[in-house]
Amino acid sequence: MTPCPPETEATDAAWWAQLDALAQHAEGLSDPNPRVAARLRTRDGRCFDGHTQAAGDAHAEIMALRAAQAAGADTRGATVWVTLEPCSHHGRTPPCCDALIAAGVERVVIAAIDPNPRVAGAGVQRLRAAGIDVQVLPTDHPAALATRERNIGFWQRMRHGRPWVRMKIAASLDGITALPNGVSQWITEEAARADGHAWRRRAGALLTGIGTVRRDDPRLDVRLVPSARQPLRVVLDSALDIDPTARILQPPGAALLYTALGAHPSAAQRTKRDALQAMGVTIVDRPGPPKTPGGPPKVDLAAVLADLAARDVNELHIEAGAELNASWWRAGGVDELLLYLAPRLLGAGAGLTTLGPLTRLEDGWPLAFVSVHSVGPDIRVLARVPGRTPALVEPSAVL
């Protein structure tokens with residue numbers, strides 16, 4: 001049970017902040033479902049909270065109802081605050097609307113309309129049809145904006161049919177990601193590395209290229225922060241050159257390789273593909289145009305995004321080398337840059353990308369700063385491609 005002062009405007013604002021913090025506990029747990037939190041306040045002034053569990057398990061509203069019922073509380077006439085519109089359809093679980101109606105709640109306050117076309121206002125209508133007083137916050141309310149930020153990948157996939165793509169890079173203050181001899185571990189300090197793993201935990205998939213796998217043999221998993229699940233690990237490997245002993249292919253977690261082998265792989269490639277698939281590795285062929293005329297085909301990045309969306313990946317987190325980074329920028333595939341800068345100068349080495357050279361400043365790739373924070377001795381910069389943030393659903397458009 002949560003301490004529950006009388007409801008006031010100030011209390012209401014504080015509760016939304018608390019619910020957003022509670023929804024964060026669903027990161028690394030609820031994917032591909034959105035991260036949602038709910039608070040139920042009974043008529044006698046007791047509060048009970050819940051957040052979304054693993055896919056196929058209870059949603060936030062159900063967890064709050066269960067907490068109230070376990071305490072013997074009477075839910076009739078209760079008010080429920082929920083960060084996202086209660087679902088109205090049968091998915092992996094029954095509709096949350098039905099549970100709220102059966103519990104006899106009197107009022108439901110919703111931070112944001114669900115962008116899922118299967119819901120998108122239907123939950124509000126179902127609750128109102130049952131006689132429940134429903135309030136939806138305006139789209140410029142801090143709680144509505146926080147809900148979208150907490151679930152930006154879910155919004156992107158529901159509204160635009162592809163994951164939200166975040167590129168993470170760690171560099172020196174002069175933009176060097178590795179020394180000329182290839183040494184790159186570690187440019188940033190432990191606090192920044194742990195923070196980076198917290199961002200990994202948000203993602204449905206972590207992606208790198210075969211060059212990084214050969215050079216660094218990364219695990220590309222979540223291990224520096226607690227996580228109930230491991231994101232899907234993805235490698236772009238046009239010619240299927242990966243070593244079967246690469247750490248990125250080993251448990252825990254699943255691995256997916258995108259190749260550009262086409263219809264006629266060599267005998268050696270077919271043999272390796274069969275061996276990798278026997279290990280449990282998923283291999284998907286998505287050939288695109290060659291990088292140079294007459295050269296070998298490369299993986300089609302747009303096709304990768306479409307395939308990952310079909311696999312219910314909300315957020316794609318890229319940690320790759322400068323060349324692959326540049327390919328993603330040129331393809332227009334990046335939505336957000338997560339950049340860690342260490343307070344040191346390295347002078348020469350690999351840069352953030354191999355974009356350019358340009359002859360005009362206005363031809364550069366524009367970004368808008370979202371936030372700048374200190375993380376230990378390092379700095380974390382979050383920047384976004386202008387116009388990429390998916391819009392909230394206007395209540396008037398669906399109600």
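Author: Contact means that heavy atoms lie within 4.5 Å. This is a predicted model, in which local features need pLDDT of at least 70 and side-chain atom pairs count only at pLDDT 80 or more, while totals for chains, interfaces and linings use all residues. Residues are numbered from 1 along each chain as its sequence is written, and side-chain values use heavy atoms, with hydrogens and water left out.

Reader: How many residues of domain 2 are in contact with domain 1?

Author: The domain bounds, which come from an automatic or database domain assignment, are 9-152 for domain 1 and 161-384 for domain 2. Their C-alpha centres lie 35 Å apart. Ten residues of domain 1 take part in the contact, and the number from domain 2 is 13.

Reader: Which residue forms a salt bridge with R35?

Author: A salt bridge requires a side-chain nitrogen of Lys or Arg within 4 Å of a carboxyl oxygen of Asp or Glu. Across the interface of domain 1 and domain 2 the rule finds three salt bridges. For R35, the closest N and O atoms are 3.0 Å apart, and the partner is E315.

Reader: Is R162 buried or exposed?

Author: R162 is placed in the loop between α6 (152-160) and β6 (164-172); helices (H or I, at least four residues) and strands (E, at least two) are DSSP runs numbered from the N terminus. Leaving aside neighbours within four places in sequence, R162 is in contact with residues including L305, G332 and D335. Buried means under 20% relative accessible area, exposed over 50%, and partly exposed in between (1.4 Å probe, protein chains only). Because its relative accessible area is 17%, R162 is buried.
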